[in-house]
Amino acid sequence: MGERRMRRHHPLSDNFFRVHVELTWQRVLFLAVLAALWATIDLRAGIGPHDEGLMLQWGHRIAGGEWPYRDFWVNYLPGSPLLQAVLGDSLVTWRVVRAVVCGVTAVLAYLLVRRETTNDRWALAAWAGVTAGMAWPLTPGPTAPSVMFAFAALLGGRRRPGLAGALAALAFLFRPEVGVAAALGAWWLGGREADGRPARLWAWFGGVALLGMLPFLVVAPGDFLSQTFGFAFRQHLQHLPFPIAPHTRDPNKVLERDFPALLVVFTVLWAVASWPARRGMALLPLMVVGLLYLLARTDEFHLVPLAAVLAIALAAGAAREVRTPWKIALAVGLGVIVLHGADRMLGKVQDGTNMAGVNLPGVNGVRTDQDDAHALEDLATEANRITKPGSYMLSAPPRYDRVRVGDTLLYTLLRRENPTRYDVVQPGVVTTAKVQREMARDLERTQTPLVVRWEAPVAEQAEDNGSGRSSGVDILDDYIDTHYSRVGRYGDYLLLKRR
């Protein structure tokens, strides 16, 4: 009788798709370890001057007793900076943690699909898709942990609304939009019933989120709100038009360049297939957030949320789908996510053959291209000849009136301290007159002995957005030109010394 009921609820019950596999902790652990090991392929990939630099610098400042928002400028909620303060100044430590996050998230996806469909093979397909989507880029930041906590919130949404709300709040403390979407999804799964469950879910969500923000709201309420939620009004300066890939005969590049567009296509297909029966609606808030995040700036760093949640949606949708054409379409979408992840990892392995390790503290075997590795080592040697580690140094972009990204990682690699409160080198922040005057005063007050101009092509590139246009403010550039003279060039790095 129970079997007949299950078959009516899940029409696809043929032996090929429905295989009973006992769920044990050993199986779950094996899947988590396997996904984490897959992610470690990217463990020694090239350094990330901006993203990795920000996390390491913020963690270093917090560990040194500084308060985020009050003592230094932070545009993220406190989750990522506080985690980095615990992890220390090593690039590898964070990447190992990031790989573990990938493993845990993939297992949560497997458990979600298996619980909602009782179909082990499609649950494994979701695990593969999330593993592929989460494994790279293996850089620090708030996105991957927020997705992990969001999936955990969905898993607890049916029976543990309080726990689900708390987990969604943890996601909120990394990325607020992901946290709210996770809470909405958990509410849809189990918190809508009129037995006090919705109130419990939202009470835990609000309480944990407020508790995480409270110390910073007390210490520096204005700075906290303007730098985090207020930063949303400056992000348009870095938006990029949604790209449609040009024609190319290289099949690998076709997949890489068209993958964002394919994600959007399969998101629409999933929505059309699922809407009539209202299946998978708990995933819809996260899908919307992932889609908006991708459309805001289409690069590899903005693929993760949509790719991960879409893998779950496609697997669960295919497991329930009775119409063969729709089942095939959803399965193809999931296969594209897996194939793209495998292709990118293969590219990481191939690129690694031309890289060299950087022999500097905190890098621990992480590599970059050979010319950059030698340039960094030569730069460090010359900087150490002029001043001692621990002294002040400013890592500067090519120019401050038009800024794309900065090389904040130099502070960690050269073991120098930023004399200003601005580790974030982004348009709308350091391109304003107010901030540049403040930074010039800091350089003067501390008599900062060294400035390093990072003049890499990625820093010089002009994008089709606000970062590609001059703000007309050159206060800080004029100060540097007046008070510093050239010592030497080391690859992409121009070393300047105070006159």
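User: Which residues of β4 lie on one side and which on the other, and are they buried or exposed?

Analyst: Some ground rules come before the answer. The model is predicted, with local features needing pLDDT of at least 70 and side-chain atom pairs counting only at pLDDT 80 or more, while totals for chains, interfaces and linings use all residues. Residues are numbered from 1 along each chain as its sequence is written, and side-chain values use heavy atoms, leaving out hydrogens and water. Buried means under 20% relative accessible area, exposed over 50%, and partly exposed in between (1.4 Å probe, protein chains only). Strands (E, at least two residues) and helices (H or I, at least four) are DSSP runs, numbered from the N terminus. In β4, Leu450, Val452 and Trp454 are on one side, Val451 and Arg453 are on the other, and all are buried. Strand β4 (residues 450–454) is largely enclosed by the rest of the structure because five of its five residues are buried.

User: Which strands pair with β4, and in which sense?

Analyst: Two strands pair if DSSP finds at least two bridges between them. Strand β3 (residues 393–396) pairs with β4 in the parallel sense over four bridges, and Ala396 has Arg453 as its bridge partner in β4. Strand β6 (residues 493–498) runs antiparallel to β4, with five bridges joining them; here Leu450 stands opposite Lys497.

User: What is the strand order of the sheet, and which strands stand at its edges?

Analyst: The sheet is open, has four strands in the order β3-β4-β6-β5, and its pairing is mixed. β3 and β5 (484–490) stand at the edges, each with a single partner strand, so one side of each has no neighbour in the sheet. The partner of β5 is β6, in the antiparallel sense over six bridges.

User: At what angle do helices α3 and α4 pack?

Analyst: Axes are lines fitted to C-alpha atoms, for helices over the stretch in contact, and angles run from 0 to 180 degrees between N-to-C directions. Helix α3 (residues 51–63) packs against helix α4 (residues 79–87) at about 70°, with the axes 7 Å apart. That makes α3 roughly perpendicular to α4 (65 to 115 degrees; under 35 is roughly parallel, over 145 roughly antiparallel, the rest oblique).

User: Which residue joins its side chain to that of Thr143 in a polar contact?

Analyst: A polar contact is a pair of N or O atoms within 3.5 Å; within protein, one must be able to donate a hydrogen and the other to accept it, and residues adjacent in sequence count only if both atoms are side-chain atoms. For Thr143 the partner is Tyr293, at 3.3 Å. Thr143 counts as buried, at 10% relative accessibility.
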